[in-house]
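I want to look up some contacts, the core and the charged pairs here, and I'll jot things down as I go.

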Amino acid sequence: MSSYLSKVESGMDMNKASSRSQRGVGLIEVLVTLLILSTSLIALSALQTKSLQFNQGAYFRSQANIYAYDILERIRINNSRLSSAREDLSKYTIEKTAFEKSAAPTEPMSAIDLYYWRKNIASSLPNGTGAIECDDGTRICEITIEWDEINSSDEESENKTTFSYKARL
């Protein structure tokens with residue numbers, strides 16, 4: 001029993017000695033933990049910001065896809081109603097320019113479609129522009145929609161996004 005007590009007493013002396021040498025370690029541990037936690041929170045906020053940016057870009061691409069299908073369907077519908085469809089397909093060819101507010105045209109149907117198509121693109125996409133190139137011979141139309149997006153790089157060339165779609169009518 002006495003050997004057991006001597007071991008316990010010597011262990012108590014070691015605990016006292018080790019507690020004296022570990023003063024201030026708790027504060028350092030707390031500071032390191034705060035450093036790791038704050039770094040993690042900054043990384044999570046950067047990740048959330050990028051996630052929002054990518055979701056906005058996906059939304060813009062979805063809108064561009066919808067507008068491309070919209071004008072293609074308008075061209076198909078109008079050409080199916082006309083007797084000289086092959087001649088009128090070229091009326092939908094337009095250059096990529098910014099939308100200018102003016103009175104909506106009343107005739108022909110291609111001008112009305114193009115006016116509202118460009119108006120929708122300009123109102124839904126930042127600096128959105130659209131162009132259509134239709135070939136009467138092959139009956140292929142190419143729709144190009146372009147808009148601005150905010151990118152993390154400082155290069156201006158990366159701020160423009162282009163959506164292009166070809167279809168045979």
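This is a predicted model: local features need pLDDT of at least 70, side-chain atom pairs count only at pLDDT 80 or more; totals for chains, interfaces and linings use all residues.

**Entry 1: Leu114**

I started at Leu114 and, leaving aside neighbours within four places in sequence, found it in contact with Ile71, Lys91, Tyr92, Ile94 and Ile132; contact here means heavy atoms within 4.5 Å. Leu114 sits in helix H4, and at 9% relative accessibility it counts as buried. My cut-offs for that word: buried is under 20% relative accessible area, exposed is over 50%, and partly exposed lies in between, with a 1.4 Å probe and protein chains only. I also looked up Leu114 to Ala131: 17 residues apart in sequence, 9.6 Å apart in space, C-alpha to C-alpha.

Residues are numbered from 1 along each chain as its sequence is written, and side-chain values use heavy atoms, with hydrogens and water left out.

**Entry 2: the overall fold**

I read the pattern along the sequence as α-α-α-β-α-β-β-β, which comes to four helices and four strands. These are DSSP runs numbered from the N terminus, helices being H or I with at least four residues and strands E with at least two. Of the 169 residues, 26% count as buried.

**Entry 3: the core**

Which residues have the most contacts inside the largest nonpolar core? I found Ile71, Trp117, Leu125, Ile132, Ile143, Ile145 and Trp147, in a core of 21 residues. Such a core is a set of buried Ala, Val, Leu, Ile, Met, Phe, Trp, Tyr and Cys residues joined through side-chain atoms within 4.5 Å. At least two core residues come from each of H2 (25–81), H4 (109–124), E2 (129–135), E3 (140–148) and E4 (160–168), and H2 gives the largest share, seven residues. Trp117 touches, among others beyond four places in sequence, Tyr67, Ile71, Ile94, Ile132, Ile143 and Ile145.

**Entry 4: Arg118**

Beyond four places in sequence, Arg118 touches Ile94, Glu95, Lys96, Thr97, Phe99 and Gly130.

**Entry 5: charged pairs**

I counted five salt bridges, each a side-chain nitrogen of Lys or Arg within 4 Å of a carboxyl oxygen of Asp or Glu. Glu149 and Arg61 meet in one of them (3.9 Å, N to O). That pair links distant parts of the chain, with Glu149 in the loop between E3 and E4 and Arg61 in helix H2, 88 residues apart. Glu149 is buried at 14% relative accessible area, whereas Arg61 is partly exposed at 41%.

Arg76 and Glu73 pair at 2.6 Å between the closest N and O atoms; they are three residues apart in helix H2, so about one helical turn separates them.

Asp148 and Lys160 form a salt bridge at 2.9 Å between the closest N and O atoms. Asp148 lies in E3 and Lys160 in E4, so the pair ties together parts twelve residues apart in sequence.

**Entry 6: Thr161**

Last stop, and Glu149 turns up again: the side chain of Thr161 makes a polar contact with the side chain of Glu149 (2.9 Å). A polar contact is a pair of N or O atoms within 3.5 Å; within protein, one must be able to donate a hydrogen and the other to accept it, and residues adjacent in sequence count only if both atoms are side-chain atoms. Thr161 is found in strand E4 and is buried, with a relative accessible area of 17%.
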